[in-house]
Amino acid sequence: MKGRPVVLIVDDEPDILELLELTLAPLGVVCQKASDLARARQHLQQQSFDFCLTDMRLPDGDGIELVRLISQYCPETPVAVITAHGNVETAVAALKAGAFDFISKPVDLQALRNLVKRALKLPLSYPKMERRTRHRLLGESAAMRGVRAQIAKLARSQAPVYISGESGTGKELVARLIHEQGPRSAGSFVPVNCGAIPTELMESEFFGHKKGSFSGAVGDQEGLFHAADGGTLFLDEVADLSLPMQVKLLRAIQEKSVRPIGSQKEIAVDVRILCATHKDLATLVRQGNFRQDLFYRLNVIELAVPSLRQRTSDIFQLAGHILNRLAETHGDTPFKLAPDALAALQAYLFPGNVRELENILERAVTLCESETIGAKDLRLPQVELPSTSAFLPANSLEEHLAGLEKQAILQALEQTRYNKTAAAKILGITFRALRYRLKKLELE
Ligand SMILES: Nc1ncnc2c1ncn2[C@@H]1O[C@H](COP(=O)(O)OP(=O)(O)OP(=O)(O)O)[C@@H](O)[C@H]1O
């Protein structure tokens with residue numbers, strides 16, 4: 001049986017170390033204390049920890065160095081940082097470096113206990129988590145395996161994630177898996193389609209309202225933030241939020257509290273934010289249609305879900321899965337795909353991605369007269385590539401390609417926690433070539 005969880009706390013002030021130890025004592029943990037980076041390193045070399053909490057400012061370095069060290073050498077130990085009040089940049093930098101979460105000063109002791117409880121709940125090792133998601137988010141292409149590995153990593157963090165990708169690629173499924181594999185899985189996963197809520201109802205939907213606060217408010221109503229308390233709020237089509245609503249959302253995320261319409265009181269909420277859109281948020285920010293500060297808070301980590309035409313090797317497995325599911329709902333034996341049908345699917349561009357594959361097969365199953373679906377039963381339309389910014393350069397081709405290159409490099413670096421040798425391997429280039437590109441793209 002596993003003994004009491006062991007926690008490493010790092011702060012240069014003895015009084016604070018004492019206070020942190022007392023605060024965590026009711027959780028039944030054993031605390032080891034270190035007053036600087038060097039001592040923290042020594043502890044980490046001597047034993048493994050279930051959790052680490054560090055102040056940002058240490059006499060011989062900063063907390064982010066410790067976050068990097070732990071991410072690289074003990075990736076299964078969640079580490080949280082204590083940041084100065086209102087220092088968003090540091091908090092975001094720590095999350096990007098792989099911190100589990102952050103808490104700002106003055107430290108709310110109950111919030112700290114909740115944070116640690118959540119970290120100690122982290123269930124499984126990466127490989128186990130990857131295996132679990134494999135049967136839900138299908139695909140054995142390198143791209144899809146990469147997405148699952150990222151999900152396993154991100155599930156172990158509380159950082160906001162921006163899930164990008166074309167329509168129907170599986171962004172909501174990815175968000176759901178990040179929630180389910182993480183320590184908030186006992187809480188609710190609340191998906192919101194930001195484009196589907198009428199502007200005038202938006203604030204009330206998000207933050208709730210008190211009875212009589214506007215005509216139509218016949219009773220008190222809790223908002224979506226409240227519904228996701230202790231869980232995850234998934235903002236789908238986040239690019240569709242109006243600019244005034246973006247301001248309110250940013251405030252709620254920053255303050256970790258909401259005020260229902262007509263109420264005088266702020267209510268603390270503990271919500272992890274995931275968001276997605278098939279639009280290019282960075283371009284919208286450049287055009288002034290999406291607030292830079294909100295983008296910065298939402299896009300702490302980007303997870304790009306590849307389009308289906310970028311991973312045609314997955315089509316066979318996906319089609320089989322969809323046909324089995326259709327057979328189950330109809331109580332029939334599954335339809336089969338004739339070789340010419342598979343070839344046609346593999347050559348098709350799928351502007352609507354996996355969702356479109358589902359629709360095509362559902363239609364084929366309804367219309368097909370034998371149990372084998374041929375190419376002509378698929379009725380594939382003639383399509384052109386979707387005109388998303390991923391295909392139509394908004395600027396010169398040169399700049400556009402540099403942007404794509406940058407995205408791929410950043411993704412590989414994030415995936416490897418900034419280990420350049422490993423990132424170069426993923427990208428199929430030499431370490432030297434990666435260094436050259438980092439310099440050229442001004443990423444160093
Ligand atoms: N890799 C996958 N394995 C199994 N099913 C998948 C996969 N990817 C997507 N799907 C299925 O495809 C459908 C569309 O997925 P989802 O709604 O998550 O896409 P989305 O990117 O959020 O779409 P939109 O941009 O339109 O909101 C869902 O039924 C989902 O279960």
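Visitor: What makes β6 and strand β7 (residues 101-104) a pair?

Guide: Two strands pair if DSSP finds at least two bridges between them, and 4 bridges join β6 to β7, which run parallel, with I82 standing opposite I103 in β7. This is a predicted model, in which local features need pLDDT of at least 70, side-chain atom pairs count only at pLDDT 80 or more, and totals for chains, interfaces and linings use all residues. Residues are numbered from 1 along each chain as its sequence is written. Strands here are DSSP runs of E of at least two residues, and helices are runs of H or I of at least four, numbered from the N terminus.

Visitor: How many bridges join strand β3 (residues 51-55) to β6?

Guide: Strand β3 and β6 are joined by 4 bridges and run parallel, and T54 stands opposite V81 in β6.

Visitor: Why is strand β6 (residues 79-83) called largely enclosed?

Guide: A residue is buried if 20 or more other C-beta atoms lie within 10 Å of its own, exposed if 12 or fewer, and partly exposed in between, with C-beta atoms placed from the backbone. In β6, 5 of the 5 residues are buried, so the strand is largely enclosed by the rest of the structure; V79, V81 and T83 cover one side, and A80 and I82 the other.

Visitor: What makes the unit of β6, helix α4 (residues 88-96) and β7 right-handed?

Guide: A crossover is right-handed if, with the strands pointing away from the viewer, the path from the first strand over the helix to the second runs clockwise, and β6, α4 and β7 make such a β-α-β unit.
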